[in-house]
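I opened the model and kept notes as I went. The entries follow in the order of looking.

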Amino acid sequence: MVDYSKFLADRTKYMKASEIRELLKLAEQGNVISFAGGLPDPATFPKEKLSKIAARVIEEQGDMALQYGPTLGVTQFRNILKQFMRRNNVKVNDNDDVIVTTGSQESLYLIGKVFVDPGDYVLVEAPTYLAALNVFRQFGAKFASAPVDENGMKVDVLEERAKKLIKEGARIKLIYTIPTCQNPSGVTMSRERRKHLLELAEELDLLVVEDDPYSFFSFKPVDAEPLKTMDKSGRVIYLSTLSKILSPGMRIGWTLANSEIIRSLELAKQAVDLHTPNLTQYIAMEAIKEGVIDEGIERAKKLYKEKRDIMLEALEKYFPEGSSWTRPIGGLFIFAYLPKGIDTKKLLPEAVKRGVAYVPGQSFFAEGGGENTLRLNFSYPPIDLIEEGIKRLGNFFKEVLNK
Ligand SMILES: Cc1ncc(COP(=O)(O)O)c(C=O)c1O
């Protein structure tokens with residue numbers, strides 16, 4: 001027998017399997033109503049339109065679309081993405097550039113690869129997107145976090161922590177934030193806090209990674225511009241994706257930043273996958289040009305708003321006294337806080353047995369805590385099962401609390 005483990009590179013020590021993912025495999029069975037994933041509702045996929053576009057792209061542009069392409073992405077598509085961002089209030093500067101990535105997850109990976117040395121600090125929200133933490137962890141990052149409230153990250157807490165760390169000799173490189181309809185908390189950062197965050201980045205000479213998959217379909221206007229738009233000194237690296245507004249299976253994301261940064265990401269990407277599939281870039285380009293995405297966003301907004309409202313109402317009705325939850329203006333998630341003492345990770349297997357699944361909140365906290373929290377996804381579960389799922393969950397938590 002070969003001992004494969006002795007061949008593994010040292011850096012694999014930073015990679016760990018998600019125990020929650022294992023638990024949630026159970027949730028895929030039979031009668032479980034799952035609020036666990038982060039998937040769009042497949043009803044929002046414009047299947048007929050995409051199948052026509054795909055056939056046409058292969059017939060008419062197949063020589064290019066089926067060929068290798070540039071690492072930065074299809075040039076025409078990158079220009080369309082710039083227009084798309086401008087229409088959505090994201091400022092594109094003359095010295096900015098765009099790289100198309102294989103989902104924005106790859107953007108995060110490339111950013112980790114290019115900027116994070118072992119021991120470097122990344123400042124994050126508590127809670128924040130787990131797969132971003134995992135990327136930065138793989139490069140040996142340390143984290144300092146600041147809690148969120150209904151106005152997003154508490155930047156004053158972040159400031160205090162960052163300044164203390166710097167005094168102690170720590171090297172901080174990045175602030176990673178999802179300012180609008182955050183994953184997992186659903187909250188949106190206020191304009192004042194955005195301003196404060198940018199001032200802090202300026203004062204401490206840091207880069208800001210603005211991860212923005214959700215602002216395209218907030219249910220009411222966001223009362224603030226993207227950080228990228230408010231930024232005056234070129235510190236913001238903006239990432240977004242078509243995963244939630246067209247299709248996650250197409251794996252199209254992108255990064256917009258100063259062209260020097262994009263050049264570094266391009267070099268890193270060459271070694272990862274040469275380029276993002278040309279075929280999906282061509283299809284996505286036509287979908288944007290024909291308005292398929294804009295139409296889809298409007299339909300998704302209506303559907304998700306309805307689902308969110310049903311979930312909020314059910315939480316009010318069934319969740320135990322002493323719990324609270326966020327009221328997102330968009331995105332895919334509600335984050336709930338149960339009375340202290342409840343451990344949502346421990347309770348998950350029993351919840352699944354009772355036919356309902358969620359993601360325990362703990363793993364979204366880079367520095368621990370959050371044992372009494374959970375993330376609830378409202379975009380994917382069928383509309384007529386949301387109330388029943390929250391009822392099962394609320395009754396279960398009440399039972400645990402009354403023991
Ligand atoms: C905040 C955030 N960033 C990045 C991603 C990755 O998305 P994708 O790689 O599909 O573009 C997600 C997906 O859920 C997300 O919620």
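Predicted model: local features only at pLDDT ≥ 70, side-chain atom pairs only at ≥ 80, totals over all residues.

Which residues does Thr-102 touch, not counting residues up to four places away in sequence? I found Arg-251, Lys-269, Asp-273, Thr-276 and Pro-277. Contact here means heavy atoms within 4.5 Å.

Residues are numbered from 1 along each chain as its sequence is written, and side-chain values use heavy atoms, with hydrogens and water left out.

Entry: Thr-102. I placed Thr-102 in strand E2, residues 96-102. Strands (E, at least two residues) and helices (H or I, at least four) are DSSP runs, numbered from the N terminus. The cut-offs are under 20% for buried, over 50% for exposed and partly exposed in between, with a 1.4 Å probe and protein chains only.

I then checked its polar contacts. The Thr-102 side chain pairs with the side chain of Thr-276 at 2.8 Å and with that of Lys-269 at 3.5 Å. A polar contact is a pair of N or O atoms within 3.5 Å; within protein, one must be able to donate a hydrogen and the other to accept it, and residues adjacent in sequence count only if both atoms are side-chain atoms.

Entry: the core. I looked up the largest nonpolar core and got 79 residues, with Phe-77, Leu-376 and Ile-390 making the most contacts inside it. Such a core is a set of buried Ala, Val, Leu, Ile, Met, Phe, Trp, Tyr and Cys residues joined through side-chain atoms within 4.5 Å. Helix H11 (residues 292-318) gives the largest share of this core, ten residues. For Phe-77, I noted touches to Val-100, Leu-242 and Ile-288, among others. A second, separate core has 29 residues, including Phe-136 and Ala-268.

Entry: the ligand. How many residues surround the ligand? I got 13, each with a heavy atom within 4 Å. The closest are Ser-104, Asp-211, Tyr-214, Thr-241 and Ser-243. A ligand nitrogen lies 2.6 Å from a side-chain N or O atom of Asp-211. A ligand oxygen is 2.6 Å from such an atom in Ser-243, and a ligand oxygen is 2.8 Å from one in Asn-183. Taken alone, the ligand exposes 400 Å², of which the protein buries 92%.

Terms used
Areas by Shrake-Rupley, 256 points an atom, 1.4 Å probe, with all protein chains shown as cover.
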